[in-house]
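Please keep the structure open while reading.

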Amino acid sequence: MVRVLLLGAGTMGSVHAEAYHSLPGVELAGIVDIREEAADKLAEATGAASFHSLETAMDELNDIDAIDVCLPTYLHKEYAMKAAEKVENVICEKPLARSTEEAREMIDHCKKRGVKLFVGHVVRFFQEYNRIKEIVKAGKIGKPAVVRTTRGGAFPKAWQNWYGDFEKSGGLILDLLLHDFDYLRATFGEVERVFAKKIKRKDADQLIIDYALVTLRFKSGLLAHLEGTWAHQGFSSGIEVAGTEGIINYDSAKITPLKHTPRVKEAGAGGVEVPESPLVSNPYRDELKHFISCIKNGSDPIVSAEDGLHAIEIATAAQLSCESGKPVMLNTTADIS
Ligand SMILES: NC(=O)c1ccc[n+]([C@@H]2O[C@H](COP(=O)([O-])OP(=O)(O)OC[C@H]3O[C@@H](n4cnc5c(N)ncnc54)[C@H](O)[C@@H]3O)[C@@H](O)[C@H]2O)c1
């Protein structure tokens, strides 16, 4: 039995709690949230104990195998590092951290203590995206040349509107497009050049990025064009890969034959729109099932904390490019297998 302590009873905390609750061989021992009613409600629904601070939870609970950090991004480093002082496995929602420097500190801290650090890049667990990766890797569309991705939904409404504070969330590019940065890097290898543009809109005195367009040039010569939005109703994502021998595409919105996407006047009804796959398997559950099996078997996850750092590196370059209006070269020595 793997005993998990979950930090955060917000949108993602609820998704993770539900997944743990449904997984065999896992016991969701406790849920921590500073909002007492949120912790109590989720704990009651999942049979876990409710706490209002990490310290109290660790004083009262024994034999915790993993702490899962589902807190706002700017708190990831602080809590993942605290967690690494207490347990042998730390699971952290994406983005691993707010910056590459913070991510590096977390990775080094965990390595020094022999603690495993997992990062929730859930697109690696979407069956459709995995199928595309398999088709590409098998050479079935020849040499990949151009990729186009789309991802977006309504602006995420969350605790204290932390997504609206760029310093806390990193905005649309770090929070949302990061999914595609990681997936594309896992599928097509390292990125060498990043160019990005964004459109901003004022909302409740905070500057929120509505749209971002990012162009990536990979070391292989492949070009990718990524679109992200926090301004439309209904979450959807898509990808199209064109190669010398064919083309493959996926559009999560295609289950609806006619789609009208109005611009929304206010943020989402509450919470982040959690992308759902139309296929039967829940990718969040599959992701956590995989991490739990790595904890049990001592094996390495398919997505590493270093991958989490490299995705943040691409996001940081895209942000820099938006600010400077110029392309940014990446000098990564990483080599993804
Ligand atoms: N993988 C995905 O598809 C996906 C989707 C959405 C969000 N996320 C990521 O998940 C993370 C959480 O996002 P969210 O939308 O669930 O946020 P949220 O605001 O809905 O939830 C955060 C929770 O943390 C609690 N909290 C704040 N400070 C705390 C502290 N010090 N101790 C304990 N609890 C505290 C808040 O009360 C709130 O309930 C973010 O990093 C976000 O980027 C990932």
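## Ligand shell

By class, 16 nonpolar, six polar and five charged residues make up the shell around the ligand. Nonpolar here means Ala, Val, Leu, Ile, Met, Phe, Trp, Tyr, Cys and Pro; charged means Asp, Glu, Lys and Arg; the others, Gly among them, count as polar. The model is predicted: local features need pLDDT of at least 70, side-chain atom pairs count only at pLDDT 80 or more, and totals for chains, interfaces and linings use all residues. Residues are numbered from 1 along each chain as its sequence is written, and side-chain values use heavy atoms, with hydrogens and water left out.

In total, 27 residues surround the ligand. The closest are Asp33, Arg35, Tyr163, Asp175 and Tyr284. Helices α1 (11-22), α4 and α8 (171-188) each supply at least two shell residues. Helices (H or I, at least four residues) and strands (E, at least two) are DSSP runs, numbered from the N terminus. Domain 1 (2-120) and domain 2 (124-278 + 312-329) each give at least three residues to the shell. The domain bounds come from an automatic or database domain assignment.

## Polar contacts and cover

Which side chain has a polar atom 2.7 Å from an oxygen atom of the ligand? That is Tyr284. Thr73 places a side-chain N or O atom 2.9 Å from a ligand oxygen. Trp159 uses its backbone instead: a polar atom there is 3.2 Å from an oxygen of the ligand. A polar contact is a pair of N or O atoms within 3.5 Å; within protein, one must be able to donate a hydrogen and the other to accept it, and residues adjacent in sequence count only if both atoms are side-chain atoms.

On its own, the ligand has 860 Å² of accessible area, and the protein covers 96% of that. These areas come from the Shrake-Rupley method with a 1.4 Å probe; for residues, only the protein chains shown count as cover.

## Salt bridges

Side chains of opposite charge can pair when their charged atoms come close. A salt bridge is a side-chain nitrogen of Lys or Arg within 4 Å of a carboxyl oxygen of Asp or Glu. The count by this rule is 20. One network of salt bridges links Arg124, Asp182, Arg185, Glu190 and Asp307.

Lys82 bridges to Glu55, with the closest N and O atoms 3.8 Å apart. This pair links distant parts of the chain, 27 residues apart: Lys82 is in helix α4 (residues 76-86), Glu55 in helix α3 (residues 54-60). Lys82 also pairs with Glu78, at 3.3 Å between the closest N and O atoms. Glu78 and Lys82 are both in helix α4, four residues apart, about one turn of the helix. Arg113 bridges to Glu85 at 3.6 Å. Arg113 lies in helix α5 (residues 100-113) and Glu85 in α4, so the pair ties together parts 28 residues apart in sequence.

How exposed are these residues? Buried means under 20% relative accessible area, exposed over 50%, partly exposed in between (1.4 Å probe, protein chains only). Lys82 is partly exposed at 27%, and Glu55 is partly exposed at 36%. Glu78 is partly exposed at 39%. Arg113 is also partly exposed, at 39%. Glu85 counts as exposed, at 51%.

## Asp210

Asp210 sits in strand β9 (residues 206-218). Is Asp210 buried or exposed? Asp210 is buried, with a relative accessible area of 2%. The C-alpha atoms of Asp210 and Leu172 are 7.5 Å apart, while the two residues are 38 residues apart along the chain.

Conventions:
Near = heavy atom within 4 Å.
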